[in-house]
Amino acid sequence: MSRVFDFSHAIARQPAASVVDGLRAGSGPSPAFYGVQAEHGAYVAALGEAGVVVDVLPPLEAFPDSIFVEDPAFVLAEGAILLRPGAPSRAGEAETLAPALAAHFGTVARLEAGNADGGDVLILPDEVLIGLSARTDRAGAEALARWLESLGRRARIVATPPGMLHFKTACALLDEETVIATPAVAEAGLFDGMDVLRTSEGEEAAANLLRVNDVLLVGESFPRTIERVVNRRHAVRPLAVEQIGRIDAGLSCMSLRW
Ligand code: CIR
């Protein structure tokens, strides 16, 4: 049986020059276009090295955040759904993914109600957690849960800690028994029966790492996290995230995987 982080395919989208205007909560410096391009190129290469065939879609100038394909759709091996992103500037991104998803999945579902971003959806071995956030409301989470249940998946709606963009900004799966989470998520007691590794102080952003087959993609600016997961015998591929971090993104955001 395959593990929830076993992937053979992914979809990514090249950054547009407009990515420098991507949404961000803070007021720090904008990313440099060429810096984002370099980080994205290394990320797509790392997915390939991990054994994933990646469809790389062309840039969309009209949507600065469209490089973050994880948010406007959600996929599992057994189906794909276009979501309704909670940020008004991102609402139109979902339909732009329809042709690429239809090429792989045939039928593509559409979220019936509310708003939901894929960054709020964490797949665990025996259930799928949907975090309520500023981008995912209860109507959207319930509509997504109904779709998941129609596919035979168990879904649970949980709270994302205040101040976090997405649920997965703050947690990720390391292996089938272990999640890494910021203290706020760890303390919420959401992961019954699993080990929870807390992020090191000052490395909370490392929680948005990505397990792909037998490799963990981890931000290279988080040396203590890298050391801790290497000590747990994980294979690590450090990747630069400094530029995408300026627009509140991490490593899960730049692909849809199945
Ligand atoms: C946004 O605010 O929507 C983008 N600037 C960042 C999206 C990051 N996506 C993710 O965490 N799944």
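Reader: Among contacts in the protein between residues at least 6 apart in sequence, what percentage join residues at least 24 apart?

Author: In this predicted model, 67% of the contacts between residues at least 6 apart in sequence join residues at least 24 apart. Contact here means heavy atoms within 4.5 Å.

Reader: What makes the protein as compact as a globular protein of that length?

Author: The secondary structure comes to 7 helices and 15 strands. The globule rule gives 18 Å for 258 residues, and the radius of gyration of the protein is 17 Å, close to that value, so the protein is as compact as a globular protein of that length. Along its principal axes, the C-alpha trace spans about 40 × 40 × 35 Å.

Reader: How many of the 258 residues count as buried, as a percentage?

Author: A residue is called buried under 20% relative accessible area, and 53% of the 258 residues count as such.

Reader: How do you know that the span of helix 4 agrees with its number of residues?

Author: Helix 4 covers residues 138-150, which is 13 residues. The expected span is 1.5 Å times one less than the number of residues, which should give 18 Å; the end C-alpha atoms are 18 Å apart, and therefore the two agree. Just after helix 4, Gly152 takes a positive phi of about 85°.

Reader: Which residues of helix 4 are called buried, and against which strands do they pack?

Author: The buried residues are Gly140, Ala141, Ala143, Leu144, Ala145, Trp147 and Leu148. The strands they pack against include strand 3 (73-76), strand 7 (128-132) and strand 8 (155-159).

Methods
Residues are numbered from 1 along each chain as its sequence is written. This is a predicted model: local features need pLDDT of at least 70, side-chain atom pairs count only at pLDDT 80 or more; totals for chains, interfaces and linings use all residues. Side-chain values use heavy atoms; hydrogens and water are left out. Helices (H or I, at least four residues) and strands (E, at least two) are DSSP runs, numbered from the N terminus. Buried means under 20% relative accessible area, exposed over 50%, partly exposed in between (1.4 Å probe, protein chains only). The radius of gyration is taken over C-alpha atoms; the globule rule is 2.2 Å times the number of residues to the power 0.38.
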